[in-house]
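Please keep the structure in view while reading.

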Amino acid sequence: MIDLSLLPDGGMAWLEASGPGSHLVVSTRVRLARNLEPHRFATRSDAAERERILAEVQSAAADTSGLGRAVRFRLDQLEAADRQLLHERHLVSRELAAIEPGGKVRPGGGLLVQDQASVMVNEEDHLRLQALRSGFALESAWDLVATLDSELGQRLAFAFHPEFGYLTSCPTNVGTGLRASVLVHLPGLVLTKEINKILQALTQVGLTFRGLYGEGSEVVGNLFQLSNQTTLGKSETELLDHLGKLVRQVMEHEERARQIMLRDATAIIEDKVWRAYGLLRYARTLSFDETMNLLSGVRLGVGLGLLPNVGMYALNKLLVFSQPAHLAAAQGRALAEDELPIRRAAYVRQTLEEEVGRRRPSTGAPPT
Amino acid sequence: MKCSSCGERDGVVSLTQIVEGDVRTVSLCAKCAAEKGIETGVGVADTPLGGFLAALGEAAGPDQALAAALEIACPGCGATLKDFRETGRVGCAQCYSAFDAPLRELLRRLHGSTHHTGRKYAGGERPREREAPRQDNARELREQLRRAIASEQFELAAELRDRLRDRE
């Protein structure tokens, strides 16, 4: 099993709930798609070419400040459980991790991680540069990835067209190659049934939404990833400003929905929150979907100030650590299908108990 | 609300027209709106390849010509438009020059533009051997313009007209 302790903070500083708007926004991600001019793109390249691409990227990255100290992984040399672990930490895509049943790992698939920046190599594009930040932090995520882009761009020959901009394997990413996404928790809009109207409005102004794990993943636990739909015709700053403006509007709608619920249905909301907390605190088996939905209730309670004994950081960590590969890693062995819900419930219980202990006000005499 | 043009499909876009001070709002389905050159944003992004092949069909004319166009290979990687239709992925950077017209049309449909206005790439340390941007051939442009007008692709026609004007 791979040793993720090599990564400072396990590559998960984005979970710490320290960023702006952390009561509503879990994290912000900005990624840039880049390809190397002389090489064929992913669907046409063979194993030898992928090896060369990986070698070129690793050698270029070694000279940069953004990735000079990076921890390197080769996906094609990792066990399925380890690949899934990296995927659950949002460090590699489902595609590169090849975790679908019968999924094949591409030769030369690589990952370089340093602090909150990383690069996937030989994914759909030769390079996918990404920065992941805690909370609503488009600007700082962009700064991080833009610096990395400049540094790598000086050492590698990126495929760039004078009119179309950066060229990518899929035409939906051409131009800036930029996809920025904000993972936002919207239980208020879901409970007041306003969410469909809002999501529909967002798709009409160039935004798209996905689930917790990006493209093709379902929305669970009322967590929506809002991101830009188009990548060409607008500058990076325009795309980020547009997304930022709309996310702020969605956050305002969410705050309003929460206040209305709390005003008009206080008992119902309090009951929902405490029931969710009670189940997580004492249940003996928990499925992943149920956990996500209950965590949403608890997160709402924390946001509304109804639950004093839980912190957002603990809730964010539960999003990741209650998943199958992480539960298996904690046990140090593979878990059978029927064992997972039991282990998950035990882990969640333990985490919430520790939270109570940690957050309970001290009963001792105040220091003099 | 049903489409006011065909009366069959559901309307997805509202069009407000002001004619001599008279305000009229009509609802159009994606197909009728596209025929009138109105971007709806609906359907286009969902089926980029569908739109792409439609554009390709219009450009290539009869089926035989379409079949031939699908077999032309990119000099860079050997990929054909048929490969692109099957995978939805471009084979290499050169494909964007080899299949300039259909990919340009696809980019316009996907993003509403073909002009990158973001970060300019200054180039890496290695010498880059990109060929100079292909000079538009005026006769080819005029022919593309004629086809664009015939197939009522007015946005494309306007772009082609501007490019012709720039040359002259």
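## A covered helix in chain A

In this predicted model, the buried residues of helix 10 of chain A are Met312(A), Ala314(A), Leu315(A), Asn316(A), Leu318(A), Leu319(A) and Phe321(A). The helix spans residues 312-321 and is mostly covered, with seven of its ten residues buried.

Against which elements do the buried residues of helix 10 of chain A pack? They pack against strand 1 (25-34), helix 9 (288-303), helix 11 (324-331) and helix 12 (340-359) of chain A.

## The nonpolar core

The largest nonpolar core has 120 residues. The members that touch the most other members are Leu111(A), Val119(A), Val145(A), Val184(A) and Val298(A). Helix 4 (residues 138-155) of chain A supplies the largest share of this core, namely seven residues.

Val298(A) illustrates such contacts in detail. When residues up to four places away in sequence are not counted, Val298(A) touches Val273(A), Ala276(A), Tyr277(A), Leu280(A), Leu307(A), Val310(A) and Leu315(A).

Strands of a sheet pair through backbone hydrogen bonds, in either a parallel or an antiparallel manner. Chain A contains an open sheet of eight strands in the order 2-3-4-5-1-8-10-9, and the pairing is antiparallel. Strand 2 (71-74) and strand 9 (207-210) of chain A are the edge strands, each of which pairs on one side only. From one strand to the next, the twist averages 20°.

Strand 8 (residues 178-185) of chain A pairs with strand 1 of chain A in the antiparallel sense over seven bridges, and Arg179(A) in strand 8 is the bridge partner of Arg31(A). Strand 8 of chain A is also joined by five bridges to strand 10 (residues 223-228) of chain A, again running antiparallel. Here Gln225(A) in strand 10 is the bridge partner of Leu183(A).

In a regular strand, side chains alternate between the two faces of the sheet. In strand 8 of chain A, Leu178(A), Ala180(A), Val182(A) and Val184(A) point one way, whereas Arg179(A), Ser181(A), Leu183(A) and His185(A) point the other way. Eight of the eight residues of this strand are buried.

## The contact between the chains

How many residues does each chain bring to the contact? Chain A contributes 38 residues and chain B contributes 32 residues. On the side of chain B that touches chain A, helix 6 (residues 100-111) of chain B gives the most, with five residues. By class, that side of chain B has 14 nonpolar, 13 polar and five charged residues.

Terms used
Residues are numbered from 1 along each chain as its sequence is written. Chains are lettered from A and ligands numbered from 1 in the order in which they are written. This is a predicted model: local features need pLDDT of at least 70, side-chain atom pairs count only at pLDDT 80 or more; totals for chains, interfaces and linings use all residues. Two residues are in contact if their C-beta atoms, placed from the backbone, lie within 7 Å. Helices (H or I, at least four residues) and strands (E, at least two) are DSSP runs, numbered from the N terminus. Ala, Val, Leu, Ile, Met, Phe, Trp, Tyr, Cys and Pro count as nonpolar, Asp, Glu, Lys and Arg as charged, and the others, Gly among them, as polar. A nonpolar core is a set of buried Ala, Val, Leu, Ile, Met, Phe, Trp, Tyr and Cys residues joined through C-beta atoms within 7 Å. A residue is buried if 20 or more other C-beta atoms lie within 10 Å of its own, exposed if 12 or fewer, and partly exposed in between; C-beta atoms are placed from the backbone. Two strands pair if DSSP finds at least two bridges between them. Axes are lines fitted to C-alpha atoms, for helices over the stretch in contact, and angles run from 0 to 180 degrees between N-to-C directions.
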